[in-house]
Every structure is written in structure tokens, then in C-alpha cells.
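Look through the structure below.

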Amino acid sequence: MAASLVCPADMEGIFRMPGPPPNPVHSRPRDTRRRIEEKATVIDDTPTTAAKPRLPNKEGGWATQTKRWWETWKESPQAKTFTSTDWMFLIETAYLADAFFTGDLKHAGELRQRMAKFGATPEDRARLRLQIKPHEDAAPETGPPDEDTGHVVDFELYRELSG
């Protein structure tokens, strides 16, 4: 048993610290993987047949990238959890995305914050404690579609040309 050092004044009760002593380091709860998984919302990555809203008509039409963005969100596993108010918020966000995709970059920050609320990136999903369970029959994703959007920059070519 380890001996504790006690000031003689402590024995007399003169220099006692107020309040309870601090918890030992080993008794504090920790967020272990098990606890994190217990707190997480798990969504199956399986196709759903639930009705999902379409983009509303917009004067001048929607940019092609905005339409692709909307379809991505409609088909995302997170869409299974969306309520009617979530869809309305996402429709409002589509207007910001459309402005962003057509070159109005002043909306980029707001767009990123709104997309984070729905779990757009792995970091966002971790913060939301949202886990996506892969569908057993699903083929591994191969990346973005091969379509040419006309706005993609080849950075290697850019570096070569800018010398």
C-alpha cells in the first residue's frame, strides 16, 4: 500500500480543500468503440421505394450539376430518414447549390454547412453518429460517373501548361 503524504496542518483540519476529491483517472467513462456504436444511428444502404420529392420548377431551369446533386441526395441512404421538413430544407439548399454550380461562389460556405447537417462526408456522419451499413449484394462503388461535366479541371495538365 502506497503511503500518502499528509501535511501536519491537514491533520488538524486547517488547510483542507473544499469539495470532493477528483475522480481517479481509471474511473472516468470513455467512449470506446462499443459505446460509440451503441449511440450511433445505423442506416441500411438498401434501395427504398418510399416517395421522394422532385425538384420544383425553376425559371431558367436547373443546372445539370444541380440535377445530379439532387438525384444523389434522393438516392442516398440518409434519405430514408428524411422527414417532410428535411426535404423542404434540402429543396432550399438546392437553390444554393444551383447558384454555386453556376458560378456564384459566395454561397459555398452556407452550402457546405447545410450539406453537413445531412451527413454529406464521412466526417459529418461521424459527428452525427450516423453509420451506413453496406448492402450485402451491393457492388463496390467505382467513383463518380464518367460523364464530362465541362467544369472538371485536370490539375496535371494545368500544372504543365502554367509552367
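By the pairing rule used here, there are 9 aromatic pairs in this predicted model. One of them joins tryptophan 73 and phenylalanine 82. A pair of aromatic rings is described by the distance of the centres and the angle of the planes. For tryptophan 73 and phenylalanine 82, the centres are 6.5 Å apart and the planes make an angle of 35°.

Tryptophan 73 has a relative accessibility of 5%. Phenylalanine 82 has a relative accessible area of 12%. Each counts as buried because the cut-off is under 20%.

Which residues make up the aromatic cluster? Trp69, Trp70, Trp73, Phe82, Trp87, Phe89 and Phe118 form one cluster.

H3 covers residues 64–75, and H4 covers residues 84–101. The two helices pack at an angle of about 150°. Their axes are 9 Å apart. H3 is therefore roughly antiparallel to H4, since the angle is over 145 degrees. Their crossing is right-handed.

On the H3 side, the contact involves Gln65, Thr66, Trp69, Trp70, Trp73 and Lys74. On the H4 side, they meet Trp87, Leu90, Ile91, Thr93, Ala94, Ala97, Asp98 and Phe101.

Is lysine 74 buried or exposed? Its relative accessible area is 12%, so lysine 74 is buried. Setting aside neighbours within four places in sequence, lysine 74 touches Lys52, Pro53, Ala79 and Trp87. Trp87 is also a member of the aromatic cluster.

Another lysine meets a ring. The charged end of lysine 58 sits over the ring of tryptophan 62. The distance to the ring centre is 5.1 Å.

Arginine 129 lies in the loop between helix H6 (122–127) and strand S2 (130–133). Its phi is positive, at about 55°, although arginine 129 is not a glycine. Arginine 129 is partly exposed.

| Residue | Relative accessibility | Class |
|---|---|---|
| Tryptophan 73 | 5% | buried |
| Phenylalanine 82 | 12% | buried |
| Lysine 74 | 12% | buried |
| Arginine 129 | 40% | partly exposed |

Note on methods
Residues numbered from 1 in each chain as written. Predicted model: local features only at pLDDT ≥ 70, side-chain atom pairs only at ≥ 80, totals over all residues. Heavy atoms only, no water. Helix = DSSP H or I, 4+ residues; strand = E, 2+ residues; numbered from the N terminus. Buried < 20%, exposed > 50% of the residue type's maximum accessible area, 1.4 Å probe, protein only. Contact = heavy atoms within 4.5 Å. Phe/Tyr/Trp six-rings, centres within 6.5 Å; stacked < 30°, edge-to-face > 60°. Lys NZ or Arg CZ within 6 Å of the ring centre and 35° of its normal. Axes fitted to C-alpha atoms, helices over the stretch in contact; angles between N-to-C directions. Parallel < 35°, antiparallel > 145°, perpendicular 65-115°, else oblique. Left-handed = near helix turned anticlockwise from the far one by under 90°.
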